[in-house]
Amino acid sequence: MMHALIQREDGFSGTQTGPDIADLTPFLTHAEIDVPTPGPGQALIKVHLAAVNPSDIHFIKGEYGQPRRRGVPAGFEGVGEVIAGDTALIGHRVSFFATASGTWAGYALTDASGLVPCRADLAVTDAAGQLVNPLTAIAMFDMIRNSGADSFIVNAAGSQLGKLLIALGRDYGIQPIAVVRRAEQAAALKALGAAHVIVTRDPDPLDQAQAIFESLKPCILLDAVGDQFTADLFFAMPSGARWINYGKLSTDAPKLTQLGQLIFQAKQIEGFWLTRWMKQADPARIPEAFSEIQKRFVTGKWTTDVAGIVPLSAAMEKLPQVLAMPDGKAFIDPRA
């Protein structure tokens with residue numbers, strides 16, 4: 001038997017309330033259930049630490065692009081030891097996506113083909129969160145580099161993913177333009193490598209952006225918010241700009257007021273989903289990307305900002321409190 005946070009509902013909810021959450025009880029139950037049994041092509045992982053991402057919250061609410069399954073543990077991402085299954089990695093520490101039974105549990109079940117062996121010197125918090133955010137950062141930065149851009153825009157830039165992208169821009173000489181809500185985030189992001197920081201709560205953020213665009217010509221906007229300011233920013237960008245949406249932190253639907261730009265200025269609006277990218281990418285790029293990710297964490301080029309590590313036994317009560325903390329990542333420890 002194992003302890004787990006299991007889902008209370010099936011399928012989709014039809015709502016769009018965003019990733020904020022004050023109470024887990026409508027969506028999850030702390031329960032003791034059987035340890036899952038691996039089948040052909042699967043691996044059983046004893047979970048050491050599980051990450052909590054905005055996509056996890058959308059998922060348990062029934063607002064993600066995949067349906068919930070009642071009675072199955074939640075949690076997409078984690079790190080642990082392979083203890084059984086159809087793999088040569090038994091006994092190894094691996095990072096993984098839980099494709100069959102989630103990571104917010106003592107044990108998780110996943111496809112053996114997706115296991116990512118971890119360097120011995122990779123910290124457990126970096127290992128637990130090296131898939132969703134770091135791999136997304138690598139994938140989207142590949143798009144930036146392939147476009148030939150010398151600058152790019154990233155909103156929700158104070159998030160873990162935003163910081164990873166800013167550091168990549170710094171290291172590769174492609175200037176990041178960071179968009180945040182809170183002015184107190186600006187200094188830290190500039191110190192990290194942001195060329196400019198636009199604060200959306202300032203009186204004139206769009207005027208600031210237009211002034212920046214006179215010198216820098218960003219052609220890619222990486223968007224986790226999906227609000228009206230993002231749409232306005234896109235329409236202020238130069239011809240050929242791409243608006244790449246990968247999240248919906250805002251619950252408001254933006255108005256697209258200048259659709260003629262899609263025709264006459266060759267602008268594009270598109271979505272990014274890491275799962276699809278992994279299926280479409282050159283197979284050699286995936287292990288290469290993980291090698292780069294682990295090296296960046298170990299050498300200090302990237303860091304994981306930890307808001308808190310919550311024991312699984314207390315997660316129903318304490319996880320919302322940690323998730324409400326700004327600028328840090330939450331984790332669940334199934335061993336506590």
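Helices (H or I, at least four residues) and strands (E, at least two) are DSSP runs, numbered from the N terminus. All the views below come from a predicted model, in which local features need pLDDT of at least 70, side-chain atom pairs count only at pLDDT 80 or more, and totals for chains, interfaces and linings use all residues. Residues are numbered from 1 along each chain as its sequence is written, and side-chain values use heavy atoms, with hydrogens and water left out.

**View 1. Phe264 in helix 8.** Let's start with Phe264, which is found in helix 8 (residues 260–264). Is Phe264 buried or exposed? With a relative accessible area of 73%, Phe264 is exposed (buried means under 20% relative accessible area, exposed over 50%, partly exposed in between; 1.4 Å probe, protein chains only). Gly240 lies 24 residues from Phe264 in sequence, and their C-alpha atoms are 9.5 Å apart.

View 2. Searching the whole structure gives 8 aromatic pairs. In one of them, the ring centres of Phe59 and Tyr64 are 6.5 Å apart and the planes stand at 85 degrees, so this pair is edge-to-face. For pairing, rings of Phe, Tyr and Trp (its six-membered ring) need centres within 6.5 Å; planes under 30 degrees apart count as stacked, over 60 as edge-to-face and the rest as tilted. Phe59 is buried at 9% relative accessible area, while Tyr64 is partly exposed at 22%. Together with Phe76, these two residues form one aromatic cluster.

**View 3. Phe141 and Tyr172, a pair between two helices.** Here the ring centres are 5.5 Å apart and the planes are at 50 degrees, so Phe141 and Tyr172 make a tilted pair. Phe141 belongs to helix 3 (residues 132–147) and Tyr172 to helix 4 (residues 160–172), so the pair ties together parts that are 31 residues apart in sequence. Phe141 is buried, with 2% relative accessible area; Tyr172, at 35%, is partly exposed.

**View 4. Helix 3 crossing helix 4.** The two axes, of helix 3 and helix 4, come within 9 Å and cross at roughly 40 degrees (axes are lines fitted to C-alpha atoms, for helices over the stretch in contact, with angles from 0 to 180 degrees between N-to-C directions). Helix 3 is therefore oblique to helix 4; under 35 degrees would count as roughly parallel, over 145 as roughly antiparallel, 65 to 115 as roughly perpendicular, and the rest is oblique. Contact (heavy atoms within 4.5 Å) involves residues including Ile138 and Phe141 of helix 3 and Leu165 and Tyr172 of helix 4.
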